[in-house]
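Subject: Structure handover

Hello,

Here is the structure for your files. My notes on it follow below.

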Amino acid sequence: MSERRKKTATPVAKKSPLAYFGADGRPPSIVRFERLYLASFVMSLIGWAFSWQQTADRLAIDPKTASYTWLLPAALLLSCAITLALWYLVARQASLAAKWVVTILTGLAAVRFAINLMVVAKGKVPVTALLLSAAILILSVAAVVHLFRPDAQLWFGEGLEPEEDDA
């Protein structure tokens with residue numbers, strides 16, 4: 001007679017959820033967020049470059065805004081500072097609050113884009129500006145989607161249950 005072997009379960013080492021992150025300690029979704037978000041930032045800088053002179057001319061023509069030549073560079077610097085601060089807080093510091101600020105700002109950008117579509121129908125916005133805005137919005141939405149993937153949620157500390165003591 002042959003002996004029947006008992007099947008025994010081999011214990012699996014319990015890993016921390018953070019053990020599945022990449023070599024730099026960040027989950028793949030956060031790395032993809034970073035790349036997409038910074039790509040949308042670069043595209044927005046290209047948009048600034050294309051529209052700079054037209055915007056400066058509009059400010060200079062209006063007597064109410066002619067003395068505010070500093071406004072355009074200040075707006076660009078402020079926009080860059082906010083964008084880069086949010087990138088750093090989300091992609092490097094795992095700030096949950098910054099994640100939601102990025103999400104809300106992207107939602108507002110989508111609303112602004114929809115409004116611009118109505119303005120384009122009237123012929124007041126160049127098609128190239130619309131296409132550039134569409135590219136920026138697509139990159140931004142794709143970046144935000146990555147913030148809600150399971151590995152990104154672990155990065156932000158969402159869904160983690162407090163560890164139980166093995167006593």
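Does Ser 40 count as buried or exposed? At 6% relative accessibility, Ser 40 counts as buried, where buried means under 20% relative accessible area, exposed over 50% and partly exposed in between, with a 1.4 Å probe and protein chains only. Ser 40 lies in helix α1 and touches Ile 136, Leu 139 and Ser 140, leaving aside residues up to four places away in sequence. Contact here means heavy atoms within 4.5 Å.

Before the rest, some notes on the source. The model is predicted, and local features need pLDDT of at least 70, side-chain atom pairs count only at pLDDT 80 or more, and totals for chains, interfaces and linings use all residues. Residues are numbered from 1 along each chain as its sequence is written, and side-chain values use heavy atoms, with hydrogens and water left out.

Overall, the protein has 5 helices and 0 strands; helices (H or I, at least four residues) and strands (E, at least two) are DSSP runs, numbered from the N terminus. Of the 167 residues in the protein, 25% are buried. Among contacts with a separation of 6 or more, 75% are between residues 24 or more positions apart.

Now the pair α3 and α4. Helix α3 (residues 96-121) packs with helix α4 (residues 127-146) at an angle of about 155°, and their axes are 10 Å apart. Axes are lines fitted to C-alpha atoms, for helices over the stretch in contact, and angles run from 0 to 180 degrees between N-to-C directions. The two helices are therefore roughly antiparallel, the term for angles over 145 degrees. On the α3 side, the contact includes Val 102, Phe 113 and Leu 117; on the α4 side, Leu 130, Leu 137 and Ser 140 are among the residues involved. By class, this contact has 11 nonpolar, 4 polar and no charged residues. Ala, Val, Leu, Ile, Met, Phe, Trp, Tyr, Cys and Pro count as nonpolar, Asp, Glu, Lys and Arg as charged, and the others, Gly among them, as polar.

The buried residues of α4 include Leu 130, Leu 139, Ser 140 and His 146. The buried residues of α4 pack against α1 (28-61), α3 and α5 (150-155).

One backbone item remains. Ala 94, in the loop between α2 (71-91) and α3, has a positive phi of about 55° although it is not a glycine.

Regards

Technical notes:
Angles under 35 degrees count as roughly parallel, over 145 as roughly antiparallel, 65 to 115 as roughly perpendicular and the rest as oblique.
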